[in-house]
Amino acid sequence: MTTSPARSPRLLLIATVVLVVAGVVLLAAPHAPRTPPPSVTPREAAVPTVVPPAAAPASGPVQTGAPVSAPAFTTPAETVSLSALPPHGEAVAGDAAIQASLEDAWPADLAADDERELLAAGRDLLRADATGIGRARWPAFFGDPGQAIAPAFATSRLRIQAAIARRDGSPNKAVVHLVWAGTDRGGTYTDRRITDWYFTRTSTKGASTWAPQPLT
């Protein structure tokens with residue numbers, strides 16, 4: 001009976017070394033990176049989608065995301081309210097500015113002849129009322145001259161600074177608006193006083209005229 005020869009220790013040693021080297025090679029080899037899912041990549045998640053603005057039509061203004069302030073428009077009434085009036089006590093030098101402000105605020109709406117007649121009557125009425133001079137011309141307005149109220153202002157210091165005549169809601173009604181200055185009997189000077197006289201158009205023998213309405 002024959003027996004197999006014993007395995008050589010040298011052969012076992014070589015096999016062991018080969019297995020160790022193969023294991024080391026497998027452990028040291030780089031692994032391929034895992035591919036992320038195709039739905040969203042990191043760059044796509046970090047950068048938002050930008051949609052370009054639609055082109056505006058050639059005839060219209062170009063609109064952007066930022067608010068645009070509209071240009072400011074000033075109406076004539078606002079211009080008048082912001083216009084600087086002369087300070088009190090400026091005397092004759094400031095009268096032209098007051099007159100211009102009145103004319104800007106109330107544009108003319110009467111015929112030139114009617115306006116001249118009303119302005120002349122309004123100025124005369126103011127002087128008669130403030131100083132007493134010329135009241136006899138308006139008996140229906142001032143009443144009996146013997147029982148008239150004593151004048152409150154000195155004639156020498158009365159000055160009409162500005163005056164306009166305009167319709168009062170009807171072609172046959174008008175108002176004369178006056179701005180004036182004067183010194184009262186106590187010696188106090190005040191300017192930019194305001195007085196309004198109201199008139200109605202009357203006809204006598206085919207001729208029309210403006211008659212003042214007494215104050216109530």
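Leaving aside neighbours within four places in sequence, with which residues is Leu125 in contact? The legends below, drawn from a predicted model, begin with this residue.

**Figure 1. Contacts of Leu125 in the predicted model.** Beyond its neighbours within four places in sequence, Leu125 is in contact with Trp138, Phe141, Phe142, Trp197, Phe199 and Pro212.

**Figure 2. The largest nonpolar core of the chain.** This core holds 23 residues, and those that touch the most other members are Leu118, Leu125, Trp138, Val176, Leu178, Trp197 and Phe199. Two or more residues each are given by helix H5 (112-131), helix H6 (139-142), strand S1 (159-167), strand S2 (173-183) and strand S3 (189-204). Helix H5 supplies the largest share, seven residues. Another core, of five residues, lies apart from this one and includes Ile98, Leu102, Ala162 and Ile164. In soluble globular proteins, nonpolar side chains tend to be buried together.

**Figure 3. The salt bridge between Asp95 and Arg159.** The two side chains meet with an N to O distance of 2.9 Å. Asp95 belongs to helix H4 (residues 95-105) and Arg159 to strand S1, so that the pair links distant parts of the chain, 64 residues apart. Asp95 and Arg159 are both buried. The structure holds six salt bridges in total.

**Figure 4. The salt bridge between Arg116 and Asp113 in helix H5.** The closest N and O atoms of this pair are 2.3 Å apart. Arg116 and Asp113 are separated by about one helical turn, because they stand three residues apart in helix H5. Both residues are exposed.

**Figure 5. The salt bridge between Asp124 and Arg137.** The side chains of Asp124 and Arg137 meet at 2.5 Å, N to O. Asp124 lies in helix H5, whereas Arg137 lies in the loop between H5 and H6; the pair, 13 residues apart, links distant parts of the chain. Asp124 has a relative accessible area of 29% and is therefore partly exposed. Arg137 counts as exposed because its relative accessibility is 52%, the cut-off for this class being over 50%. A network of salt bridges links Asp124, Arg127 and Arg137.

**Figure 6. The chain as a whole.** Six helices and four strands make up the elements of the chain, which run α-α-α-α-α-α-β-β-β-β from the N terminus. Of its 216 residues, 23% count as buried. The accessible surface comes to about 16,100 Å², and 62% of this area belongs to carbon and sulfur atoms. Among contacts with a separation of 6 or more, 50% are accounted for by residues 24 or more positions apart.

Terms used:
Residues are numbered from 1 along each chain as its sequence is written. This is a predicted model: local features need pLDDT of at least 70, side-chain atom pairs count only at pLDDT 80 or more; totals for chains, interfaces and linings use all residues. Side-chain values use heavy atoms; hydrogens and water are left out. Buried means under 20% relative accessible area, exposed over 50%, partly exposed in between (1.4 Å probe, protein chains only). Contact means heavy atoms within 4.5 Å. Accessible areas come from the Shrake-Rupley method with a 1.4 Å probe; for residues, only the protein chains shown count as cover. A nonpolar core is a set of buried Ala, Val, Leu, Ile, Met, Phe, Trp, Tyr and Cys residues joined through side-chain atoms within 4.5 Å. A salt bridge is a side-chain nitrogen of Lys or Arg within 4 Å of a carboxyl oxygen of Asp or Glu.
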